[in-house]
Amino acid sequence: MNTSNYNRSFKESDSEFLSKHYKLFDEIFSDPFEGFLDADIVEQLKDNFSFSTKELLVQILPAAEHFVRAPISNFRVGSLVYADSGNVYFGANIELENCPLHTTIHSEQSAIINAMLHKERKLTALATTVTPCGHCRQFINELNTADDIRIILCNGDETNLDDFLPNRFGPKNLGNNKMLMDKYYQELEIDFVPSLLESEALEQAKLSYSPYTYTFSGAAIKLKNGEIFQGTYIENAAFNPSVNPMNAAIVNCVMSGKDIKDITEAVLIEDEEAPNSQIEFSRIIINSFSDVKLQVKNAVKVD
Ligand code: THU
Ligand code: ZN
């Protein structure tokens, strides 16, 4: 069974460009779509249509809105990030009904999380269908490319973060010299033989970006078709825009066009001394849309 969320044809898209070329885009986004366009396809599209990178981003931006999950607001926001690998990652706002509103992942955040989960190291542009809100500006400010990233709006206006967020408060104010998407890796040990789902969650715990609390926490979920989606823990200098690892796994799932309600298993692996445990919050998130029992396992830091 095809569990894809993504069952709309671009034939009906509000975008003139996408509806005109719907056959091409229906094919590109057909299952399995993994939340991004790889550099080869990006270059082919630029060649085919004689587009600059910016023109391509603006033209395909409406496609990101197809992934929106907004049962509360019904407000659709689509985003893209362009990585220095040449890949383009999709983002959409993701709301969870029966959950505090602050579990919402904004579209811009979801594109950045998506790129991060695919091990990107540098983002050079972010395109979005709305002017990024304050929360997103703060989240973008954590990036190692915050000073240079181009922010592109759907009308083609292009600017940098300083224009949106002057006098920025960020990682350096807390004495953190590394930034989001820099290489972080904390070795962790476990005393059990991990299942595939557990090894994925463990790897995400090791990749946590937690320079403020040193909490290492990773999540993995499995859907009924056997697909696995992973998520890592991401902190922010202003604390509130931080992202729980289960929330990040949900981003990964939704941006691949899948339905989170198809979840059959959820695992969280965390450093047993985690000062800022993500366990209870992950449980709340999972149980807001399913009755799957969160499996929790401990790991131990290796110095
Ligand atoms: N939203 C975004 O995704 N990005 C923004 O910068 C503005 C707001 C989303 C969050 C929520 O799902 C909905 O729009 C209403 O605020
Ligand atoms: Zn926002």
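This is a predicted model: local features need pLDDT of at least 70, side-chain atom pairs count only at pLDDT 80 or more; totals for chains, interfaces and linings use all residues.
How many residues surround ligand 1, and which are the closest? I looked and found 13, with Asn93, Glu95, Ser107, Glu108 and Cys133 as the closest; a residue is near if one of its heavy atoms lies within 4 Å.

Residues are numbered from 1 along each chain as its sequence is written, chains are lettered from A and ligands numbered from 1 in the order written, and side-chain values use heavy atoms, with hydrogens and water left out.

**Ligand 1**

I sorted the shell by class and got six nonpolar, five polar and two charged residues. For that, Ala, Val, Leu, Ile, Met, Phe, Trp, Tyr, Cys and Pro are nonpolar, Asp, Glu, Lys and Arg are charged, and the others, Gly among them, are polar. Next I checked N and O atom pairs. A backbone N or O atom of serine 107 sits 2.9 Å from an oxygen atom of ligand 1, and one of cysteine 133 lies 3.0 Å from an oxygen atom of the ligand. From the side chain of histidine 106, an N or O atom is 3.5 Å from a nitrogen atom of ligand 1. On its own the ligand exposes 370 Å², and the protein buries 80% of that (Shrake-Rupley method, 1.4 Å probe).

**The sheet**

I traced an open, mixed sheet of five strands in the order β7-β11-β10-β8-β9. Strands here are DSSP runs of E, at least two residues, and helices are runs of H or I, at least four, numbered from the N terminus; two strands pair if DSSP finds at least two bridges between them. The edges are β7 (188–189) and β9 (228–232), each pairing on one side only. β8 (217–223) and β10 (263–271) run antiparallel over seven bridges, and lysine 222 faces glutamate 265 of β10.

Most residues other than glycine have a negative phi, and most peptide bonds are trans. I found the bond from aspartate 31 to proline 32 to be cis, with omega near 0°. Proline 32 is in the loop between α2 (22–28) and β1 (36–37). Tyrosine 214, not a glycine, has a positive phi of about 55°, and I placed tyrosine 214 in the loop between α8 (196–206) and β8.

Note on methods. A polar contact is a pair of N or O atoms within 3.5 Å; within protein, one must be able to donate a hydrogen and the other to accept it, and residues adjacent in sequence count only if both atoms are side-chain atoms.
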